[in-house]
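Here are my notes on this entry. Please read them with the coordinates open.

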Amino acid sequence: MHNFDTVNSLFVQRFGRTPIYEIKACGRINIIGEHTDYNLGYVLPAAIDKYIYFVGAPNGLDHCRVYAADIDEYDTIPLGNPLQKSARLWINYLTGILDQYQRQGAQLEGLDVVFGGNLPLGSGMSSSAALETGFATLAKTAYGIDIEKPEIARLAQRSSHQFVGVPCGIMDQFASLMGREKQLVLLDCRSLTYEYIPCDLGNYEIVLINSKVSHNLSDSAYEARVEECAKGVEVLQKTYPEVKSLRDATQEMVKAEEAALGPIVYRRCLYVTSENERLLQVCDALRNGRVEEVGPLLFETHAGLRDLYEVSCEEVDFLVNFAKEHPGVIGSRIMGGGFGGCSINLVDRSQSQAFIESIQEAYLTAHGRSAEAYQVNIVDGTDLVKSELLSS
């Protein structure tokens, strides 16, 4: 794991000088509202205190030199027009950001960059979005680009679509950038209007349990789910012309068109429409201090993701089932795109350590692998920390 001290030291070792920019890019959790973002529904994420730390400086060259400390890989980005894709996924996330800035007329110049952190890869905490938002903030600063955080989120989403080839929604990038301490972001993914929901969990805290089953959205069934939802919209529109996305549909509409949708698309649409409704229930509960009502809704979401959307896996199902039987846990579900990653749990603070120890022991026995636990805090989002010559 890395922090600013270690990435600064690695920068000096590799490039022989001190960096002048520091950016702290946040991972994110999502309390509820999974796979609703690309269906233009609602999401309820927050930025958390798991970070990727970026340091950088101009290098006067016609290419960027980048070292990814967490995976010990070095690569370059030639600054041609157009920019070229790499065989390495992580470098494409960075190049895609530069591609977007170049399309907006920015004059790209060479940068030296080192990044690393304590944000686990493939865990469902969206290390890819932190990679995008952190590098976009660094490049914005280095190139003097006038762009606000919401537009950076849109830019990063376009980069994923157009350059990386991952048809993601906007939640991850938006949450990473727009997070606010001790508050959740209620984001309308159609209008991109948002409001902050106070997150006073009382005697409870958020505990993530990492199954250590890594997912890769570009190689998974994620794209198929996007297509299945689009097919559902096409079918529903024949009866309900006002349905432009699943955001506009209700469970009743979906159930009425079950035969026309077919079994697979029906299940996908039923999940998305029910998830939007659950999310609004969670917001109401939190606004009114009824945190105990949130837990059962998380269990409902997991069941939907497992049985209707079919994006869970045996290992995370085990974690959620174990949590459901633990007296200190009021809610649990798989978090993120699916197919692995973390469960998110609402746990009584007084029983957190007992829960963590017992679930880790049970998981090791059942699946022969260790599960990492993270007690996370909700923090302000990705931002510039320094933009000056740092002392060596």
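1. The model is predicted. Strand 9 is the place to start. Both of its faces are covered. On one side sit Tyr-204, Ile-206, Leu-208 and Asn-210, all buried. On the other, Glu-205, Val-207 and Ile-209 are buried too. That accounts for the count of 7 buried residues out of 7 across residues 204–210.

2. Strand 9 has two antiparallel partners to check. With strand 11 (residues 342–348) it is joined by 7 bridges. In that pairing Glu-205 stands opposite Val-347. With strand 12 (residues 372–375) it pairs over 4 bridges. Here Leu-208 faces Tyr-374.

3. Leaving aside neighbours within four places in sequence, its contacts include Cys-342, Ser-343 and Ile-344. Glu-372, Ala-373, Tyr-374 and Val-376 are also among them.

4. Which residues touch the most other members of the largest nonpolar core? They are Leu-44, Tyr-101 and Leu-208, in a core of 111 residues. Helix 9 gives this core its largest share, 11 residues. There is also a second, separate core of 15 residues, with Phe-4, Leu-10, Tyr-53 and Val-114 among its members.

5. Helix 9 (residues 263–287) passes a simple length check. It has 25 residues, so at 1.5 Å a residue it should span 36 Å. Its end C-alpha atoms lie 37 Å apart, which agrees. Just after the helix, Gly-289 adopts a positive phi of about 70 degrees.

Conventions: Residues numbered from 1 in each chain as written. Predicted model: local features only at pLDDT ≥ 70, side-chain atom pairs only at ≥ 80, totals over all residues. Heavy atoms only, no water. Expected span 1.5 Å × (residues − 1). Buried < 20%, exposed > 50% of the residue type's maximum accessible area, 1.4 Å probe, protein only. Pairing = 2+ DSSP bridges. Core = buried A, V, L, I, M, F, W, Y, C linked by side-chain atoms within 4.5 Å. Contact = heavy atoms within 4.5 Å.
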